[in-house]
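Trainee: Can we go through this one together? I'd like to learn how to read it.

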Amino acid sequence: MSNKSPDNKIAGPSRRDMIRLAGLAGLAGSVTPLAMRPAYATAEAMQEAIRKVVGEATVTPGKVKLEIPPLVENGNTVPCEVTVESPMTPTDHVQAIYVFCEKNPQPNAFAARLGPRAGRPAIATRIRLADTQTVIAIAELSDGTFWSDSTDVIITLGACLEDLI
Amino acid sequence: MKSARFPQPMKPGATARRAVAVAIVMGLMIWSGAASNAEIPLAERRSGYEEMRPETRAMQDDDTSNPGMLWVLDGEALWQRKAGAAGRACADCHGDATQSMRGVAARHPAFDAKRGAPVDLAGRINICRTEQQNAPPLTLEGRDMLALSAFVTLQSRGMPIESNDERLKPFIEAGRRQFTEQQGQLNLSCAQCHDDNWGQKLAGNTIPQGHPTGYPLYRLEWQSLGSLQRRLRNCLTGIRAEAPPLGAAEHIALETFLMWRARGMKMESPAVRP
Amino acid sequence: MARALINVPASAKRGEVIAIRTLISHPMESGFRHTSTGERIPRDIITGFVARYNGEEIFRVELFPAIAANPFVTFNTVATESGTIEFEWSGDNGFSATERRNITVE
């Protein structure tokens with residue numbers, strides 16, 4: 001914004017400002033009501049969901065192990081286990097574990113709160129994956145750092161289903 | 001015997017190209033009018049469990065992580081619940097299910113002399129409901145019926161399927177005719193997939209031999225427990241054929257044939273399948 | 001009535017890390033499905049699960065529509081003392097379920 005005069009009204013918005021304003025307006029225009037949003041989220045939606053959790057902090061790959069089968073027979077029920085390397089002491093432990101999905105209609109899968117009482121920082125559950133996509137697990141440690149692991153999962157679909165596709 | 005014309009079973013993870021190739025081969029076979037009805041030799045029969053990935057098998061193996069067991073728990077409670085004008089629970093006549101129901105599901109559908117036809121487990125439960133408990137029949141494929149079926153069928157887990165009642169022969173034959181006749185818009189027979197092409201890929205999953213050893217089972221696709229009939233109707237949808245109503249004699253005949261085809265194989269309900 | 005299957009060891013040594021497995025029946029209707037006539041089926045999911053050990057929270061997870069039907073959740077905790085572990089699920093449409101298991105810690 002270097003070519004603005006101190007008194008904005010006289011100098012008028014700079015070209016850079018106009019581009020920024022147009023971008024914001026475009027973004028505002030593209031936030032459609034939930035009911036009309038397209039079926040699948042995008043990688044941006046997942047990045048946005050991750051940003052909501054980690055804020056400005058960096059997320060470093062490592063310490064986290066996300067175990068999901070790389071090829072899945074049915075996306076309705078996909079076993080998913082996250083384990084983290086941590087001594088789990090009162091001063092050095094996992095505070096939270098988050099899992100995100102890149103192409104689901106909604107990017108969050110779960111957000112778990114742990115603590116030193118957990119003993120072993122591991123969670124297993126079963127998630128739904130709408131399509132072949134990348135799944136990301138992020139662990140928040142007690143020192144405020146964030147660590148991650150990701151897996152690409154291929155979804156196949158059985159034959160002879162109930163509904164005509 | 002598996003036809004020598006078809007390739008060996010694929011390793012997991014076969015590409016879509018292979019599925020298309022299978023479809024083309026099957027199309028050619030159908031077009032040429034050759035319908036090979038090669039029955040699977042008894043020793044080569046395997047449960048659909050064998051075709052599943054390890055993670056899905058793990059879901060079935062542990063009773064505390066098998067979602068089908070949730071219906072078994074419900075069924076256990078229903079077994080004790082008094083019902084109908086007679087105010088009777090299943091337990092009042094049948095006592096401890098782990099004893100009285102042992103092996104029952106492994107030999108159903110069973111011939112019912114009064115009706116002169118086989119009756120499946122759901123049919124048998126409803127006969128008890130109406131005639132012994134003076135209660136309205138349970139809705140087929142409804143939550144209560146599935147729960148009771150799951151609980152009763154669990155009592156046969158590990159036991160071999162029995163099918164040696166001479167009186168069932170005509171119904172087994174009727175079921176076999178259904179199994180081998182080509183039907184639906186895709187003009188496919190059950191046998192073409194499940195006798196001739198088991199072990200190969202169709203739409204990303206391995207084709208099982210199609211034995212009823214695990215029913216009622218938790219199908220990941222349904223996210224719910226369902227009966228063999230529900231699955232058979234999915235097959236009919238798959239080949240774009242019209243299904244008779246739930247509980248129809250045709251369904252019972254086909255189930256009777258499938259149990260005969262799987263005779264001696266071990267029951268594993270409540271199974272988990274994709 | 002939501003059925004739950006819970007696996008907690010009946011006994012453990014003090015300081016031992018134990019695994020707890022839970023499975024509760026619930027359709028977890030995602031809110032993204034439509035009927036054959038095009039109407040959206042409203043969301044109906046379990047949104048939260050909390051475990052408390054003798055009243056103290058040991059584990060909490062927020063669940064989203066991406067969790068499969070009949071939610072299966074396993075986690076770990078340190079066996080600190082004998083007592084009761086309480087499990088509470090809550091969700092849309094006022095869904096609420098509680099289960100308790102006792103544990104003996106030597």
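Trainee: Among contacts in chain B between residues at least 6 apart in sequence, what percentage join residues at least 24 apart?
Mentor: It is 75%. Two residues are in contact if their C-beta atoms, placed from the backbone, lie within 7 Å. Some ground rules next. This is a predicted model, where local features need pLDDT of at least 70, side-chain atom pairs count only at pLDDT 80 or more, and totals for chains, interfaces and linings use all residues. Residues are numbered from 1 along each chain as its sequence is written, while chains are lettered from A and ligands numbered from 1 in the order in which they are written.

Trainee: What is pLDDT?
Mentor: The predictor's confidence in each residue, from 0 to 100. Where it is low, the predicted coordinates should not be read in detail. Chain C has a mean pLDDT of 95, and 99% of its residues reach 70 or more. For the model, ipTM is 0.95 and pTM is 0.84.

Trainee: Back to chain B. How many helices and strands?
Mentor: There are 11 helices and seven strands in chain B. Both are DSSP runs numbered from the N terminus: helices are H or I with at least four residues, strands are E with at least two.

Trainee: And what percentage of chain B is buried?
Mentor: 43% of its 274 residues. Buried means 20 or more other C-beta atoms within 10 Å of a residue's own; exposed means 12 or fewer, and partly exposed is in between, with C-beta atoms placed from the backbone.

Trainee: At what angle do α6(B) and α7(B) pack?
Mentor: About 110°, with their axes 10 Å apart. Helix α6 of chain B is residues 121-132, and α7 is residues 143-154. Axes are lines fitted to C-alpha atoms, for helices over the stretch in contact, and angles run from 0 to 180 degrees between N-to-C directions. The two helices are therefore roughly perpendicular. That label covers 65 to 115 degrees; under 35 is roughly parallel, over 145 roughly antiparallel, and the rest oblique.

Trainee: Which residues of α6(B) make the contact?
Mentor: Leu121(B), Ala122(B) and Ile125(B). On α7(B), the residues include Met145(B) and Leu148(B). By class, the contact has six nonpolar, two polar and no charged residues. Ala, Val, Leu, Ile, Met, Phe, Trp, Tyr, Cys and Pro count as nonpolar, Asp, Glu, Lys and Arg as charged, and the others, Gly among them, as polar.

Trainee: New topic: chain A. Is β5(A) mostly covered or uncovered?
Mentor: Mostly covered. Seven of its eight residues, 94-101, are buried. Strand β5(A) runs antiparallel to β8(A), joined by seven bridges. There, Val94(A) stands opposite Leu141(A). Two strands pair if DSSP finds at least two bridges between them.

Trainee: What joins β5(A) to β6(A)?
Mentor: A hairpin, through six residues. Five bridges link these antiparallel strands, and Ile97(A) faces Ala112(A).

Trainee: Which strand of chain C is joined to β6(A) by bridges?
Mentor: β5(C), antiparallel, with four bridges. Ala111(A) has Glu62(C) as its bridge partner.

Trainee: How many residues of chain C are in contact with chain A?
Mentor: 22, meeting 25 residues of chain A. β6(C) gives the most to that side of chain C, seven residues. By class, the side has 16 nonpolar, three polar and three charged residues.

Trainee: And how many residues of chain B are in contact with chain C?
Mentor: Eight, with 10 on chain C. Chain B's side has four nonpolar, three polar and one charged.
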